[in-house]
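Biologist: I'd like to learn how to read helix packing and ligand contacts in a model. Can you walk me through it?

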Amino acid sequence: MCQPDRVEWANGSEAEYDRLTQLMVDTGMATKLNEKKRSHSYLFRSDPSDVARVENRTYIASTTQEQAGPTNNWIDPVELKKTMTKLYTGCMRGRTMYVIPFSMGPIGSPISKIGIEITDSPYVTANMHIMTRVGDDVLEVLGENGEFIPCLHSVGAPLAEGQQDVPWPCAPIEEKYIAHFPEENLIWSYGSGYGGNALLGKKCLALRIASNMARREGWMAEHMLILRLINPEGKRFHIAAAFPSACGKTNLAMLVPTIPGWKCECIGDDIAWMKIGADGRLYAINPEAGFFGVAPGTSMKSNPMAMRSLEKNSIFTNCALTDDQDIWWEGMDEPCDHAIDWKGHEWTAESGKAAAHPNARFTAPAAQCPVICEDWEDPAGVPIDIFVFGGRRTRTVPLVTQAFDFDHGVFMGAMAASETTAAALDVGQTLRRDPFAMLPFCGYNMADYWAHWFAMGDKLKDKAPAVFYVNWFRTSGEGRWLWPGFGENSRVLKWMCQRIEGNVGAQQTPIGNMPLEADFDLSGLDLPPEDFAELMEVDNEAFRRDVEDAEAYLAKFGDRVPPQLTTQLEALKARLG
Ligand code: OXD
Ligand code: MN
């Protein structure tokens, strides 16, 4: 159907990576960075129209629209296949088709899944080397008739005989389709070469398709970082946290605690797959092998462990190129006066424009993270003690709240809302409800997904993780951040650990349990008491407005809303008075 000029099987080897990156340097798609500063690393500039996920071109093509639900775009699968087959026919002319066998999760783990991505993008192939486990050993596990998830991808830009290629081929927006056929575990992506649209193991497989499989098979596929926190006595706590895109998941995943004696290790920064283990607890693995992080704002101050993860063997997309052939972005530690910006143009600091695109990314091997857990690839996963939900809210939502119980926690996750960021191209700059940070990633009806969360809670019973809701982004009336964030977030995590250990009490408020000031570790932090009070303030009136908004939101899901959610909403209303 795609009619490529050549077909190559990817084996995941370094020689293959080097050959592909050299090919892209030769064709002008990639720039090799200064070997002394950033060894074995490359910069790419995308087409200016192809810089982020495209949510309004992302489809869940289940048999019925109800299965996809009101938060997903739906097209009849037969119709969509017809449209896309037309687009795919001949789409790889003049190009090489790469066949990439990959494993999400450690090869051979019982929680892992195998995918095969077919793509005409060498950029995608190189990124897949970092983000997943690619290679012949995947084919060995697959054997003659093992199960795999087929992922078809094309940049949608066939080349006519003798036609000169462009540095970043892609199709116009109205021809882009990021399509999922959940009943068949099938992914078809056309027209974009960027990130979550094209690296199909990530959002398409590990979240949209996997969320469907997880529901059918009784496990969970979540948009969550996974970290291990170790207290001064050496006790380990495993935390899985869901925040919308570009709200600091990568920073929290690699946190360097500021409180003495506490240590943090990273297991994953974006996706968690979780299954109930033989002991009845919930075990999580990171299905990915790399970090595809937002570059701007990442610095030695905000995330030193990420900065050290990308010192070598990394791919950069839409970052600026410095005069000494290194990368730069807004918010990096050293200022930059002159560079080539993400569009390939001369740039100076005086121009007032951004040198890197706000959704510029780094792709770095997870194994290069200095604080990666020694056992991050343990096929058994880690037992989750704590779930954290949150979003970006400049007003209303306090620094930390603990759910009264698991069902209340599910309610908190389901009602999460956040101010939007640059990770998606087309969602506008407003507050949007983003349940469990899964709004763009849940591959089926969101109301059924909430029901699945409640059902998991029923199975886990008293082994269910404790649930907390956080907001690092609250500002004062004048718009000043009230909380320093980053490493200081360890203080909030410490309180959570103390709560589940039963070492500290709490103050009961209508929205949940909150810290007693005397228990919350602020030692060594220059935080005015009035700022702390404002961070923890619960404005019942604001929450009553929030409840009204939540009710209007839930109405979209009609009678599919699980009764437990309605019960929680009514209980909150009663507590708010
Ligand atoms: C991501 C995202 O790329 O959430 O991780 O957008
Ligand atoms: Mn993400």
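Biologist: At what angle do helix 10 and helix 15 pack, and how far apart are their axes?

Modeller: First, some ground rules. This is a predicted model, where local features need pLDDT of at least 70, side-chain atom pairs count only at pLDDT 80 or more, and totals for chains, interfaces and linings use all residues. Residues are numbered from 1 along each chain as its sequence is written, chains are lettered from A and ligands numbered from 1 in the order in which they are written, and side-chain values use heavy atoms, with hydrogens and water left out.
Two packed helices are described by the angle between their axes and the distance between the axes. Helix 10 and helix 15 pack at about 90°, with axes 9 Å apart. Helices here are DSSP runs (H or I, at least four residues), numbered from the N terminus; axes are lines fitted to C-alpha atoms over the stretch in contact, and angles run from 0 to 180 degrees between N-to-C directions.

Biologist: Which word describes how helix 10 and helix 15 lie to each other?

Modeller: Roughly perpendicular, a label for 65 to 115 degrees; under 35 is roughly parallel, over 145 roughly antiparallel and the rest oblique. D407, H408, F411 and A414 of helix 10 touch Q564, L565, Q568, L569, L572 and R575 of helix 15, contact being heavy atoms within 4.5 Å.

Biologist: And how do helix 10 and helix 11 cross, left-handed or right-handed?

Modeller: Right-handed, meaning the near helix is turned clockwise from the far one by less than a right angle; anticlockwise is left-handed. Helix 10 (residues 406-414) and helix 11 (residues 446-460) pack at about 155°, axes 10 Å apart, so they are roughly antiparallel. On helix 10, F406, D407, V410 and A414 meet W450, W453, F454 and G457 of helix 11.

Biologist: What about helix 14 and helix 15?

Modeller: The axes of helix 14 (residues 540-555) and helix 15 (residues 563-576) come within 10 Å and cross at roughly 155°. That pair is therefore roughly antiparallel too, but the crossing of helix 14 with helix 15 is left-handed.

Biologist: Now the ligand: how many residues surround ligand 1?

Modeller: Nine, and the closest are R53, K203, S245, D270 and R361; a residue counts if one of its heavy atoms lies within 4 Å. For polar contacts, look for N or O pairs within 3.5 Å. An oxygen atom of ligand 1 is 2.5 Å from a side-chain N or O atom of S245. Polar side-chain atoms also lie 2.9 Å from a ligand 1 oxygen in R361 and 3.1 Å in R53.

Note on methods
Helix = DSSP H or I, 4+ residues; strand = E, 2+ residues; numbered from the N terminus. Polar contact = N/O pair within 3.5 Å; in protein donor to acceptor, adjacent residues only side chain to side chain.
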